[in-house]
Amino acid sequence: MKLKSLIALPALALIVAGAATGCASAAGSEAKGVEAKAKAGQLTIGIVFDRPGISQKNPDGSFSGFDVDVAKYVAGKLGVQESEIKWQEAPTAQRENLIQNGQVDYIVAAYTINDARKEKIGFAGPYLTVGQSLLVRADNTDITGPESLNGGKKLCSTVGSVPAQNIKKNYSKDVQLQEYDTNAACVEALKSGAVDAISTDDIVLAGYAAINAGKLKVVGKPFTKDSYGIGLKRDDTTGRAKINDAIEDMIKDGSWAKAFGKNLGPSGYQQPAAPAVNRY
Amino acid sequence: MEILTEYGDQLVTAFTRTIQLAALSAVAALVLGTVLAAMRVSPVWALRTVATAYVNIVRNTPLTLVVLFASFGLAQQLGITLVDPKSPTSITDSSFRLAVLAFSLYTATFVCEAVRAGVNTIPVGQSEAARSLGLGFTQGLRYIVLPQAFRAVIGPLGSILIALIKNTTVASVIGVAEAALLMKEVIENTSALIVVGLIFALGFMCLTLPTGAAFSYLSKKLAVRT
Amino acid sequence: MSTKPALKTLYDEPGPRGKALNLIISAACLAGLAGGAVWVLSALREKGQLAPEKWLPFLTADMWRTYLLPGIIGTLQAAALAVVLATVLGILLGVGRMSEKRLMRYGCTVVVEFFRAMPLLILMIFCFQVFANYSLFPSTQLAMAAVVTGLTLCNGAVIAEIVRAGVQALPRGQREASIALGLGNGQAMRMVLLPQAITAMLPPIVAQLVVALKDTALGYQITYVEAVRQGIQAGSAYSNYIPALLVVAAVMIAINFALSQLAVTVENKLRKGRKPVVKAPDQQVAVPAL
């Protein structure tokens with residue numbers, strides 16, 4: 001009895017592992033950078049699925065948004081057709097891991113470039129300059145910037161997010177903070193009047209304003225400055241250079257501005273100047 | 001170890017929140033659950049039907065949805081925020097109270113089923129005797145049946161309480177700053193995953209294991225011997 | 001589950017006054033309910049939640065194909081896989097806890113008690129991070145693996161207790177007779193005790209399936225494609241958050257309710273089918289599955 005169970009327990013663990021790995025291929029752990037993968041004709045790109053205007057899974061199963069257009073353009077420059085792109089969801093907590101594990105080839109997902117991340121992965125770009133801003137209801141007039149949240153205004157943000165802490169620390173001490181786990185939940189709360197404002201990157205907010213045109217608006221000037229980059233393996237310098245070329249081309253030939261107008265135009269939010277690619 | 005020094009205070013605060021959530025919800029769920037059980041065994045058709053429908057609907061809803069409905073349905077759509085909107089801490093209080101409400105409503109269905117099962121174990125002679133003494137339905141239930149029923153279901157009630165303690169982690173979806181929410185934040189900021197996991201596991205074991213031991217002691221001590 | 005009272009004997013057949021009183025209470029109760037419903041609906045309408053454009057998307061194929069069905073399938077898949085694995089794990093742990101060997105017994109007890117004490121959500125978040133950090137699973141299966149592992153461990157511990165209770169409820173003579181016939185401990189367990197205990201174990205195990213199904217909703221927090229998460233994404237795409245949650249809730253309740261009914265049917269079938277060796281378990285108050 002004892003012996004059998006002792007054997008069976010690890011066996012079970014193997015079954016658990018095996019069942020879940022079932023259809024796992026050797027998902028690119030031996031990949032040699034973006035360029036090699038592109039030559040083979042297929043790319044797996046990490047995006048988010050639920051950020052309107054930036055990158056969203058549409059009801060018909062297709063994907064659209066500014067990030068998606070950037071990702072497609074870059075893939076095109078690398079010689080990969082749109083139909084050969086495999087879109088993969090890259091949730092915030094997983095992004096660095098996905099890249100390090102080689103489960104995605106690159107990530108275009110409102111991915112802010114910072115030094116902590118640069119220790120783990122590489123960033124091409126930036127392809128967009130962003131800053132923290134506020135989203136309010138269209139009929140709201142008394143919130144104009146982060147300081148105007150004083151007086152117990154209600155601010156919504158995602159769990160543990162930096163933007164909300166920034167406002168609380170640096171702009172308005174007595175703002176009330178509601179945390180939900182998605183921005184979509186915050187938008188719902190904003191529309192119903194449960195909170196007064198949402199804070200995160202202006203571009204993300206513009207995306208929500210675009211699909212709620214006339215109901216929500218982005219107010220004030222961005223009060224921080226960040227850049228979105230395309231994340232890929234840290235040591236993949238050739239891949240990074242190729243993607244940087246593609247971004248420069250996209251800005252130069254006007255596709256960049258067109259993508260912005262198409263996806264975020266309806267928000268009424270002013271298009272920021274195209275950033276200069278930083279090759280490091 | 002530096003995790004403990006860095007997050008020590010927050011850990012205490014978060015687990016205090018967890019305990020508060022569990023304790024308040026437990027009391028409310030016990031009361032509501034008993035009322036529901038009484039309704040389910042009552043002679044009035046409508047009360048039975050309503051209680052049965054309530055139990056079957058709520059018990060079969062994922063707790064995550066119940067909690068989301070409390071925040072998005074009750075508070076935002078119906079305006080039941082449970083706080084004074086002008087209070088400077090209205091949001092934290094509101095989320096906390098709504099979470100307690102959600103847990104109470106959900107857990108009550110399980111309390112109801114446990115109490116009802118307890119009522120079923122009471123020998124028929126007990127309530128017959130009560131009636132022959134001239135006690136009505138509510139009196140018989142209150143003085144004769146329920147006291148014995150409770151003693152019979154202390155064990156199951158203990159399991160429900162333990163489940164409730166564990167379930168409080170779901171409150172993190174509406175931003176209640178309890179243990180699971182803290183764990184998510186800590187995980188994002190450190191790389192010592194296993195240590196973090198063990199700390200939180202230990203925290204919950206400190207809550208659930210004594211509860212389990214206490215209830216199994218009580219259920220033996222208070223069992224109705226026949 | 002029936003609306004009939006559990007015990008007729010808690011009250012007498014009401015007389016004319018009693019009947020009238022019951023009728024009044026019933027009427028008051030229903031009136032209160034109707035009033036509440038009207039208030040809720042009017043409040044929802046005022047907030048625009050009943051607008052047709054929020055509800056019509058549910059009649060389109062895209063809504064179901066892209067959002068809801070994958071979510072429901074994800075929920076069912078994770079729950080089914082978890083319950084099968086948890087049953088295997090539960091039987092092993094449960095039998096291990098009754099082993100003659102002390103080390104085995106203690107080991108299994110520690111494992112069972114540990115996972116009974118752990119909140120599932122904490123376990124899922126933990127598994128998710130560990131699997132991600134050490135790349136134990138490909139990304140597409142990562143969330144699924146974390147959800148299934150969490151569910152398997154937690155439910156396995158619960159099922160271990162169900163197994164133990166089922167076996168222990170058997171009369172002592174069963175085991176003694178098997179030993180007297182020359183069976184070893186393991187043989188007695190496998191060939192005599194477990195098969196009989198199945199009768200008592202099956203209904204709570206089916207009930208555990210409902211628990212697992214509901215608990216997959218926790219996978220929402222670690223990005224598993226399950227019903228609640230898909231509902232929220234649909235709500236985001238069609239700007240109908242509340243209606244989407246309501247529809248998801250209705251679907252989940254229907255599935256869980258059907259499963260609960262199945263548990264009851266299984267129990268009745270088994271009770272009728274063969275004379276249980278176990279004394280009727282209704283004296284043993286069933287632990288409601290949470």
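**Domains, contacts and core**

Modeller: In this predicted model, the domain assignment divides chain A into domain 1 (34–130 + 226–267) and domain 2 (132–219).

Biologist: How many Å separate the centres of domain 1 and domain 2 of chain A?

Modeller: The two domains do touch, with twelve residues of domain 1 of chain A and 14 residues of domain 2 of chain A in the contact. Taken over C-alpha atoms, the distance between their centres is 26 Å.

Biologist: Which strands of chain A each supply at least two residues of the side of domain 1 that touches domain 2?

Modeller: By class, that side of domain 1 of chain A holds seven nonpolar, two polar and three charged residues. The strands that each supply at least two of its residues are S2 (50–51) and S7 (121–130) of chain A.

Biologist: In which sheet order does S2 of chain A lie?

Modeller: Strand S2 of chain A pairs with strand S3 (residues 55–57) of chain A over two bridges, in the antiparallel sense. One bridge joins A:Arg51 to A:Ser55 in S3(A). S2 and strand S4 (63–64) of chain A are the edge strands, each pairing on one side only. The three strands form an open antiparallel sheet in chain A, in the order S2-S3-S4.

Biologist: Which element gives the largest share of the side of chain A that touches chain B?

Modeller: Here 16 residues of chain A contact 15 residues of chain B. Strand S10 (176–180) and helix H7 (183–192) of chain A are the elements that give two or more residues to the chain A side. By class, this side has six nonpolar, five polar and five charged residues. The largest share, five residues, comes from S10(A).

Biologist: How many nonpolar residues are on the side of chain B that touches chain C?

Modeller: The contact takes 63 residues from chain B and 54 residues from chain C. Helices that give two or more residues to the chain B side include H4 (90–121) and H9 (193–222) of chain B. Alongside 17 polar and seven charged residues, the nonpolar residues on this side number 39.

Biologist: How many residues has the largest nonpolar core?

Modeller: Among the residues with the most contacts inside it are A:Leu135, B:Val67 and C:Met124. Leaving out residues up to four places away in sequence, C:Met124 touches C:Ala146, C:Val147, C:Gly150, C:Leu218, C:Gly219 and C:Ile222. The size of the core is 240 residues.

Methods. Residues are numbered from 1 along each chain as its sequence is written. Chains are lettered from A and ligands numbered from 1 in the order in which they are written. This is a predicted model: local features need pLDDT of at least 70, side-chain atom pairs count only at pLDDT 80 or more; totals for chains, interfaces and linings use all residues. Domain bounds come from an automatic or database domain assignment. Two residues are in contact if their C-beta atoms, placed from the backbone, lie within 7 Å. Helices (H or I, at least four residues) and strands (E, at least two) are DSSP runs, numbered from the N terminus. Ala, Val, Leu, Ile, Met, Phe, Trp, Tyr, Cys and Pro count as nonpolar, Asp, Glu, Lys and Arg as charged, and the others, Gly among them, as polar. A nonpolar core is a set of buried Ala, Val, Leu, Ile, Met, Phe, Trp, Tyr and Cys residues joined through C-beta atoms within 7 Å. A residue is buried if 20 or more other C-beta atoms lie within 10 Å of its own, exposed if 12 or fewer, and partly exposed in between; C-beta atoms are placed from the backbone. Two strands pair if DSSP finds at least two bridges between them.
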